[in-house]
Amino acid sequence: MAGCNTDCVEKPISIAFQKFGRFVGRHPWWFFICPLFISAVLGSGFYFLEDREANNIEEQFTPVNGPAKLERLFVQENFPQNDSVFSSQRLYTDGVYASFIAVSKSSNILTEDALNEILKLDKNVRELSVIMGDEALTYDGLCARKYNKCMPNKILDVVHYYGNNIERTELTFPFLRFGFTHIFLGYSVGGVTLNSTVIKRAKAVRLFYFLKHGNRSRTDLWLNEFLRVFPTNLNLTFVKVTYSTSLSRQVEFEANTKDVIPLFSITYVIAIVFSILSCLRFDCVRNKVWVASFGVISAGLAVLSSFGMMLHIGVPFVMTVANSPFLILGIGVDDMFILISCWQQTNVHDKVEDRLANTYKEAAISITITTLTDVLAFYIGLMTPFRSVQSFCLYTSASILFCYLYSITFFGAFLVLNGRRENSNKHWLTCNEVPEAGPAGQSKWHDLCCVGGAYDARTGREEVQPMNHFFKRYYGPFMTKSGTKLLVILLYAMYLCVSMYGCFQIQEGIDLRHLAADDSYVVQYYNDEKAYFSEYGPNIMVVIRGEFAYWDERNMSDLETCVEDFKNLSFIEKDIFTSWLKSYKYYGYHTNLNLTAEHVFKKNLGLFLRFYSDFKQDINFTDNSIHASRFFIQTVNISTALDEMNMLNKLRDTAKKCPVPLMVYHPAFIYHDQYAVIVSNTIQNVAVTAAVMLVISLLLIPNPLCSLWVTFSIASVILGVTGFMALWDVNLDAISMIILVVCIGFSVDFSAHISYAFVSSKKPSGNEKAVEALYHLGYPIVQGAVSTILGVVVLSASKNYIFRTFFKIMFLVIFFGLFHGIMFIPVFLTFFDLCISESPPKISKQNEQEGIAMGNCQAKSTQKSGGEDEDKDKQIYVNHTFVSDTNNQVCQSQTSPVIWTVTLNNHHAATDQVCLASTIPMFKVDSETYEVHMHTESNNALTCHQNQASQEDHNCVMANNLHDGNIPASPNCSEAISHK
């Protein structure tokens, strides 16, 4: 492995952490109290929480400087709204309105009984008033007007006109000739069944009540009164009603934060319980209950400090940020498990500051890589054009940094304080000193309660946990069987196929109804709207920008060609077309005007607009020049996010290809703009993040092979998460986009640890390397995965799409990352066992004492697998003495600081038959490795052997049997003797 290591960065960091750990160990109270004080000071920033809240849906969930926002600015400047001649078709915003949808409980809503209930509801809305100061605000005083009358709902005019004969009247759809005009019923009557163009029956009726754009405080007050009073009038017999207002989506979105507060409390309780259970020891001294509790508290302090600091600075607090504490809790608990694991691998007899120094030395790279990858992933997320994502990234990255700092200060200091208690052999609860061994005859309950301080007498460390043995005895050997490997390959192939299939099914963009809670009245309104009124979509304005020669026949030919291109789009209704220019030409034809002459065209335009006041809002005709104009086209069958994306892209592409300078706009395009950037930004962020992760891996993981496996794992996990989230009904939107970036950081966490443990192993075969890596890291990886999932699992119970989406993607990330870490990568590594040292590893005291720096914190020497084997090892050691050999090669008589035992084949040990190697490195004296020769009296002339590949001199020690001087030779001496 020497030729493959690149530890120029890793080694200095480990040494620096070792020194810092020793300093913390000598002054724990300072590092315990200071974070508490800092958290209290920074936490005062929550005083500004209400002022920092920024939940405007348009600002937070639409692209910054999106094309539609620039288009809206152009429309607003050139076609200002005329409140005296209101037209909902010509609004450049969604407008200010209240609305309700009445759905018939029978097959037809165009019945006398159903329509009477609708008329009653209409009357209640029009009579609604609210007091503001000394003034009563009524609908009639606030309504949007046309010809000095409130904008009517035309379908109600029809109902009033026909009265009781409405059921026997043939109503045509979508246009109804009513008097001297044609009424468009596409937005008013839904769920229509036609006989040719005559309505046979309809399922729903929708009414709008538009208000003036003027004083928002007055209109908002009336709309809130509508939301309060209107639901009390819904005890109806023939129709069921859903309702909404222009405020509802925003109000319901802001109310979602109340849903997450109780979930946050439940999460911390779950995290504390899980941490305590994971750190529970059946030893009243070594028990880590308090350590686990303060590990969770450390994560809570990190959230308090980071959020408080961001609020002090003035960073907007968006609802998406409420997801962050759940994520931070999982990360903090994961770091806690790593530090506890490393602490347990230190010698219990060392000074506490030395134990913490060694803990930090081993854990440094692991938690540093975790922190760097996660923080950089979130900082790269700042490149996205969504403010909600930017705020989430800022708050979460700051939280991760504080979590890292508090883990090595506050939590490390508590490890020291707890270590001092353990050194004094005091009870974890009462802090009274207890004996290490109890008197004979006492019950097990007595030993659990009143006896403690056990440790491994051979290593001086705390006893190894049972789960580690599970991975070594059962799981690891099972995974390295040939049949299991084949099954894993097949399973991975299925995983790839399903993932790639899912990637082609993914939907883009966030559905606006998902911004409200599932049981919100807004969602019910949107559901009815989608069910009964999706046939006719938005009415799109096509704007001719700049001055254009409308009288020039060549220009008009180009324009008519472009109009035909729009009409030929599959989602455009050809017969519904509103154009001032078309009407003006019709007017000129009947008045014998030569509109191909510029002066005639301009001279008569003003007169035409006085007759047709609606068209006056479609032309910017100032200073005898037309600076801009617009016409309208009608879309149909726009019901899904894919339909919206295709509509927007094709409309803009058609406008771009036209030789006339055209622009398309509708207020909904503000939200549809996310389709234009969501995929490209996701790919950009994932690619940049993956590249940065690779660089970090190369710098901090001292083995290039690990970095290749880290890259492979990142690509594989992202593919799986993207595919399966589509199959789990999660769209690619601003929420899921940033979580995909986050999953890169978590992919690094799982893959880096296991691959580094594999390539660092001294075992001769790939299978043995995989078993050893799983033995060291299997349980810590499972602990980290479970703790992170528990941190977000309560979000699955949320009524809000954003929180549930966060849970779904995080679950997929952790689930797939876990299986890559403990199943796919270990198996694949056995097939690609590269960078293996040809010479046998030289065993030294340093190797025995130093652990793998990637978070496993286990010693590099292998552990015995069972108590029975350990007893046999000790018996063999006791039954032999060390003497000089017959060739006078005498070893120096000094005490050995390190003893190496001999592991024999069980069969040979049981029959007193010992298979001996020519040379076995046993222990070191004066920094030299000595070899042990075990022999019988019949062969006392065994000499020390030299490795043929080396010219170095070797020391040796001979051993004789103490019982009868005879050790029968094994009939088969080909079996290897392993050393520990």
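Is Cys-284 buried or exposed, and what is its relative accessible area?

A: Cys-284 is buried, with a relative accessible area of 2%. Here buried means under 20% relative accessible area, exposed over 50%, and partly exposed in between (1.4 Å probe, protein chains only). The model is predicted: local features need pLDDT of at least 70, side-chain atom pairs count only at pLDDT 80 or more, and totals for chains, interfaces and linings use all residues. Residues are numbered from 1 along each chain as its sequence is written, and side-chain values use heavy atoms, with hydrogens and water left out.

Another cysteine, Cys-431, is partly exposed, at a relative accessible area of 42%. The search of the whole structure finds two disulfides.

One of them joins Cys-143 and Cys-150, with their sulfur atoms 1.8 Å apart. The angle about its S-S bond is -70 degrees, and the link is left-handed. Both Cys-143 and Cys-150 are buried.

Cys-562 and Cys-658 also form a disulfide, with 1.8 Å between their sulfur atoms. This link is right-handed, with 95 degrees about the S-S bond. It connects distant parts of the chain, 96 residues apart: Cys-562 belongs to helix α20, whereas Cys-658 lies in the loop between α23 (641-657) and β17 (662-665). Helices (H or I, at least four residues) and strands (E, at least two) are DSSP runs, numbered from the N terminus. Cys-562 is buried at a relative accessible area of 3%, and Cys-658 counts as buried at 10%. Cys-284, by contrast, is in no disulfide; the nearest cysteine sulfur, that of Cys-449, is 6.9 Å away.

The buried residues of α21 (residues 580-590) are Trp-580, Leu-581, Tyr-584, Tyr-587 and Gly-588. These residues lie on the same side of α21 because they cover an arc of only 120 degrees around the axis, the arc being that of the directions from the helix axis to the C-beta atoms. The face turned away from this buried side carries the exposed residues Lys-582, Tyr-586 and Tyr-589. Among the elements that cover the buried residues of α21 are α20 (553-567), β14 (572-579), α22 (598-611), β15 (619-622) and β16 (625-636); such contact means heavy atoms within 4.5 Å.

The two ends of α21 have features of their own. At its start, a side-chain oxygen of Ser-579 comes to within 3.2 Å of the backbone nitrogen of Leu-581. This is a polar contact, a pair of N or O atoms within 3.5 Å; within protein, one must be able to donate a hydrogen and the other to accept it, and residues adjacent in sequence count only if both atoms are side-chain atoms. After α21 comes Asn-592, whose phi is positive, near 55 degrees.

Nine of the 10 residues of β13 (residues 536-545) are buried, so β13 is largely enclosed by the rest of the structure. Strands pair if DSSP finds at least two bridges between them. β13 pairs with β16 in the antiparallel sense over eight bridges, and Val-543 stands opposite Arg-630 in β16. With β17, β13 pairs in the antiparallel sense over four bridges; there Val-542 stands opposite Val-664. In a regular strand the side chains alternate between the two faces of the sheet.

Aromatic rings complete the picture. Rings of Phe, Tyr and Trp (its six-membered ring) pair if their centres lie within 6.5 Å; planes under 30 degrees apart count as stacked, over 60 as edge-to-face and the rest as tilted. The search of the whole structure finds 74 aromatic pairs. The rings of Phe-608 and Tyr-612 form a tilted pair, because their centres are 4.9 Å apart and their planes are at 35 degrees. Phe-608 counts as buried at 0% relative accessibility, whereas Tyr-612 is partly exposed, with a relative accessible area of 39%.

Definitions and conventions: Disulfide = S-S within 2.5 Å.
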